[in-house]
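Take a slow look at the fold before you read on.

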Amino acid sequence: MNNYFQDYFAAWDRLDLDAVLAFFTDDVVYEDTTIKHGATGTKQMRRFVQASFDNVPDATFEYVGHVMTDTDFAVEWVMQPMNVRGVSIGTLRDGKIATQRDYWNGAAFAVPNT
């Protein structure tokens, strides 16, 4: 799983909805703490990811580093071209993201349509 998060961010960068969703369990619980948005389950996650693509289609994620066990992770990233630093923390189940909470500097970038 050395390239897990590089592959995850690459799916976001390609705006590949199905590839992004493949990283999550069917009952994923996702929370973007900065904009107070989230999703539970595949159907809501699909809408959340698509809305993210629609709101910031030029965003890409620069991978900084991560720590990971079989059940937990923390990954640091920078959203470009806005240069917004953030971290995602969560849990894994069977190699997929079961929970994820994103923390990033909302003062550095106001997401459109949120």
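This is a predicted model.

N83 has a positive phi, near 60 degrees, and is not a glycine. Is N83 buried or exposed? Its relative accessibility is 53%, so N83 counts as exposed. The cut-off for exposed is over 50%.

L15 belongs to another part of the chain: the loop between α1 (4-13) and α2 (17-21). Its phi is positive too, at about 55 degrees, although L15 is not a glycine. L15 is partly exposed because its relative accessible area is 35%, which falls between the limits of 20% and 50%.

| Residue | Phi | Relative accessible area |
|---|---|---|
| L15 | about 55 degrees | 35% |
| N83 | near 60 degrees | 53% |

**The whole chain**

Now step back. How many helices and strands does the protein chain have? There are three helices and six strands. Read from the N terminus, their order is α-α-β-β-α-β-β-β-β. The radius of gyration is 13 Å, close to the 13 Å that the globule rule gives for 114 residues, so the protein chain is as compact as a globular protein of that length. Along the principal axes, the C-alpha atoms fill a box of roughly 35 × 30 × 25 Å.

What about contacts along the sequence? Take the contacts between residues at least 6 apart in sequence. Of these, 45% join residues at least 24 apart.

**Inside and outside**

Of the 114 residues in the protein chain, 39% are buried. The chain exposes about 6,200 Å². Carbon and sulfur atoms supply 50% of that area.

The protein chain carries 9 positive and 16 negative side chains. How far apart do the centres of the two sets lie? The distance is 6 Å.

Notes
Residues are numbered from 1 along each chain as its sequence is written. This is a predicted model: local features need pLDDT of at least 70, side-chain atom pairs count only at pLDDT 80 or more; totals for chains, interfaces and linings use all residues. Side-chain values use heavy atoms; hydrogens and water are left out. Helices (H or I, at least four residues) and strands (E, at least two) are DSSP runs, numbered from the N terminus. Buried means under 20% relative accessible area, exposed over 50%, partly exposed in between (1.4 Å probe, protein chains only). The radius of gyration is taken over C-alpha atoms; the globule rule is 2.2 Å times the number of residues to the power 0.38. Contact means heavy atoms within 4.5 Å. Accessible areas come from the Shrake-Rupley method with a 1.4 Å probe; for residues, only the protein chains shown count as cover. Lys and Arg count as positive and Asp and Glu as negative; His and the chain ends are not counted. The place of a charge is taken as NZ of Lys, CZ of Arg, CG of Asp or CD of Glu.
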